[in-house]
Amino acid sequence: MNKKIALITSGGDAPGMNAAIRAVTLQAEKHHYQVLGFIGGYNGLIDNHFIDLNCHRVDDIIRKGGTILKSARCKEMLNPSGPNQVVDTLNVNNIDALIVIGGDGSFKGCQAISAIWQGNIIGIPGTIDNDINGTDQTIGFWTAVETALDSIDKIRDTANAFERIFIVEVMGRNCGFLAVESAIGSGAEHIVCKEIIEDEVQFIDHLLVNINKAIKNHRTDSYIIVMAENSLSFSAHELSKKIERYTGVDSKAAILGYIQRGGSPVASDRVLATQLGVAAVDAVKENKTDIMVGMLNNSLNEIALSATSYSNTYNQAIIRRLNKLNFNLG
Ligand code: F6P
């Protein structure tokens, strides 16, 4: 049977989303399915705004950052009217399946639609935060780490030249993975993320003592602390002032911000996006629904959309990884 698929990218854009759009489109063509790409995430589904996707439209997009379908965080999906309007659009266009490339918030939208629509709904994890259960990595994560490393390496040059302390704040929303991998990969001296803070006051005391020790022992010319956004009750700039007061050493904060969301996807994101795009269409073919496709231990994995929210398992994974690799991380 020929099927009609609606496809969106939703939430924070992530490098590799275009690669996933391409894979969905090409795999759908292979099965003689039609793909409508709705523009601007759920907003496109509410407004019935779409383009037909085919091999020509997705030609040469695998290497491009951003998303050709555009993205948004759609507030209307939080009210019952949003999902109802989406279902109207799906029905008007005779859609059989909805594939959503996005993160946690986007998958909540899928669940709201699933409660009132009979078609197949498949999620593909796309976010730089890597805060989704059921997949080792989300599409865009490794590119964001790579971008952070490029910036931290540059900050290291100036930090060494001035013998300064730097706090580099990375994104991640409420998840420390981006900070952990960026800290390990850049050889940072310390990491700050929610998952390893039990008591903020004690944590900061320990941090200050560690920095002082490192400075006294001349272990390094500079000291870099990679900090996940939202991990403390105060800002990276305030932390740098505290450190400067305590150590007497020049301390600066650098917030990397949105540069981590852009850029051409690295190889692992392109490959992951391609594998998951193909798997999502195959799941539609097999009449599966309410699942997200991911990769766990190098194997394709399917998990209920209702079980994809960031959980404690990730805290433990981060701590285990840190304990194994902490040559110098505090
Ligand atoms: O989810 C991706 C992300 O970049 C987070 O790391 C960050 O906290 C958030 O999006 C920023 O969202 P917005 O672009 O809506 O401000």
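**First stop: a pair of helices**

Select residues 141-162, helix α5, together with residues 177-186, helix α6: their axes come within 9 Å and cross at roughly 45 degrees. Axes here are lines fitted to C-alpha atoms, for helices over the stretch in contact, with angles running from 0 to 180 degrees between N-to-C directions. Helices (H or I, at least four residues) and strands (E, at least two) are DSSP runs, numbered from the N terminus. The two helices are therefore oblique to each other (under 35 degrees counts as roughly parallel, over 145 as roughly antiparallel, 65 to 115 as roughly perpendicular, and the rest as oblique).

A word on what you're looking at: this is a predicted model, where local features need pLDDT of at least 70 and side-chain atom pairs count only at pLDDT 80 or more, while totals for chains, interfaces and linings use all residues. Numbering starts from 1 along each chain as its sequence is written, and side-chain values use heavy atoms, leaving out hydrogens and water.

Now show side chains. On the α5 side, pick out Phe141, Trp142 and Arg156, among others; on the α6 side, the contact residues include Phe177, Leu178 and Glu181. Contact means heavy atoms within 4.5 Å. The residues of this contact split into nine nonpolar, three polar and two charged (Ala, Val, Leu, Ile, Met, Phe, Trp, Tyr, Cys and Pro count as nonpolar, Asp, Glu, Lys and Arg as charged, and the others, Gly among them, as polar).

**Next stop: another helix pair**

Jump to α7 (residues 200-216) and α8 (residues 236-247), whose axes come within 10 Å and cross at roughly 50 degrees. That makes α7 oblique to α8. Which residues meet here? Ile204, Leu207 and Ile215 are among those in α7, and Leu239, Lys242 and Tyr246 among those in α8. This contact divides into nine nonpolar residues, two polar and one charged.

**Then the sheet**

Colour the strands and follow the order β3-β2-β1-β4-β5-β10-β11: seven strands in an open sheet with mixed pairing. Strands pair if DSSP finds at least two bridges between them. At the edges sit β3 (50-53) and β11 (299-304), each pairing on one side only. Zoom in on β5 (residues 120-125) and β10 (residues 291-296), which run parallel and are joined by two bridges. Ile122 stands opposite Ile291 in β10.

**Zoom out**

Finally, view the whole chain: 10 helices and 11 strands, with a C-alpha trace spanning about 70 × 40 × 35 Å along its principal axes.
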